[in-house]
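Please read the numbered points alongside the sequence and the model.

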Amino acid sequence: MADDYLVRIGKLIRDARQHRGWTQAQLAEALNTSQSAVNRIERGNQNISLEMIARIGEALDSEIVSLGYAGPMHLRVVGGRRLSGAIDVKTSKNACVALLCASLLNRGRTVLRRVARIEEVYRLLEVLNSIGVRTRWINGGVDLEIVPPADLDMAAIDADAAVRTRSIIMFFGPLLHRMDSFKLPYAGGCDLGTRTIEPHMIALRRFGLDIAATEGQYHAVVDRAVRPDRPIVLTERGDTVTENALLAAARHNGVTVIRNASSNYMVQDLCFFLEALGVRVEGIGTTTLTVHGVPDIDTDVDYSPSEDPVEAMSLLAAAVVTESELTVRRVPIEFLEIELAVLEEMGLDHDRTPEYVADNGRTRLVDLTVRPSKLEAPIDKIHPMPFPGLNIDNVPFFAAIAAVASGKTLIHDWVYDNRAIYLTDLNRLGGRLQLLDPHRVLVEGPTRWRAAEMMCPPALRPAVVVLLAMMAAEGTSVLRNVYVINRGYEDLAERLNSIGAQIEIFRDI
């Protein structure tokens, strides 16, 4: 029991430190102790006195720390309110985590602008800090500075943080250039059924990386004699698979051709970042990438990841489901054109500004204004495809949108094993969704939403869809344990409140 409280206190201290924008080293300096001691405290591996808890609370200006463990975060939603005004789209979660992994390629200083302050990023920062990478929030906590050590200490890796993010698998590509053997904990993340890393292994094997999975760890060994001697054909046009292959090719001394590559938004952002590192990438935005590797990268780089099209879709869906007029600014239109075309056929009333360029100098943005619309179910089914098709992560939002449209909509979420099942949680809120099989759900609308109290689905996008439906439902709903939403969205409740929602954050006492 005592150990459990130490772990809880440690996590609370870690969250307070990250909210302050401090590194473990900065907190250690304020407490006149060592970074390793702070690391042990945050992992629950060190006894801690009430006096030390009070000192930490004073240093972090966090009264919560002095009061003890606050419990999981929940949301209380007063629904039936109209949204109004304008809201900006934040930078891409998936691009930010890829760039954090890519920073391991560089021996110099990396600065990433407007990084998403989300749990997925925090977990990766904990992993990076544990193996010796120095990170700190700068410019008022808006931007992130990353400075790697000469040698990474993989034996000290924070396994607890690593298993809570699937993004850890993108360490394979950079690490194979830095060491001959290493271990990584199994990848975690959302509960979306079985997702193997076999496509990653097939691609990285061409760079001499052999991976064996035993006892909760990936055991990786690199054979330097093995080099890609012909184009690499990915067996899955996946985003993280493509990114891993790019990360491996970036420091390969030669030219690597990657075929059947994803051309999705986060892959393009990674390519732009690699170009800033001096790596030439041909074919960006296509399914064939030619990478001119640089064996040693030591440069100070400053890069601005682009905005998140999935967050943009979330905000558009919020307006549609609550029958509101809302302007969503800084929308990466290239990655939402199919979704908008489908919504136009369903009857969505909206307009957009002329295009302008994102801070990365490449991605095309627009501002979109959505107005209350009488929607009709689409004739064809809603199903994802690799870019430039309808984005896989945007499919769940069509469940909520279809629920307010007249007619029946078939949604075929063929990529993930469990996600369609989680969409049926909308039935608790008055939806009429029929699960046809683990991948297909039939949605009948229009829906008269009703308030409910329920646990958050264990998958990011379905969890947000449930929140949006609660915003549309008259009365007060409660969504419990929303950690999964915090994995992918920064201050979502507060930002929705800024445009007219009424969402209260609370914790169990």
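**Notes on the predicted model**

1. Cys456 has a relative accessibility of 11% and therefore counts as buried, the limit being under 20%. The structure discussed here is a predicted model.

2. Cys96 is likewise a buried cysteine, with a relative accessibility of 1%. Its closest cysteine sulfur belongs to Cys101 and lies 11 Å away, which is too far for a bond. A disulfide would require two cysteine sulfur atoms within 2.5 Å, and the structure holds zero disulfides.

3. As to overall architecture, the secondary structure comprises 19 helices and 23 strands. The radius of gyration is 23 Å, close to the 23 Å given by the globule rule for 509 residues, so the protein is as compact as a globular protein of that length. The C-alpha trace spans about 60 × 60 × 45 Å along its principal axes.

4. Of the 509 residues, 57% are buried. Among contacts with a separation of 6 or more, 73% join residues 24 or more positions apart.

5. Leaving aside residues up to four places away in sequence, its contacts are Val342, Leu390, Phe398, Thr409, Leu410, Ile411 and His412. The C-alpha atom of Ile382 is separated by 20 Å from that of Ser262, 120 residues apart along the chain.

Methods:
Residues numbered from 1 in each chain as written. Predicted model: local features only at pLDDT ≥ 70, side-chain atom pairs only at ≥ 80, totals over all residues. Heavy atoms only, no water. Contact = heavy atoms within 4.5 Å. Buried < 20%, exposed > 50% of the residue type's maximum accessible area, 1.4 Å probe, protein only. Helix = DSSP H or I, 4+ residues; strand = E, 2+ residues; numbered from the N terminus. Rg over C-alpha atoms; globule rule 2.2 N^0.38 Å.
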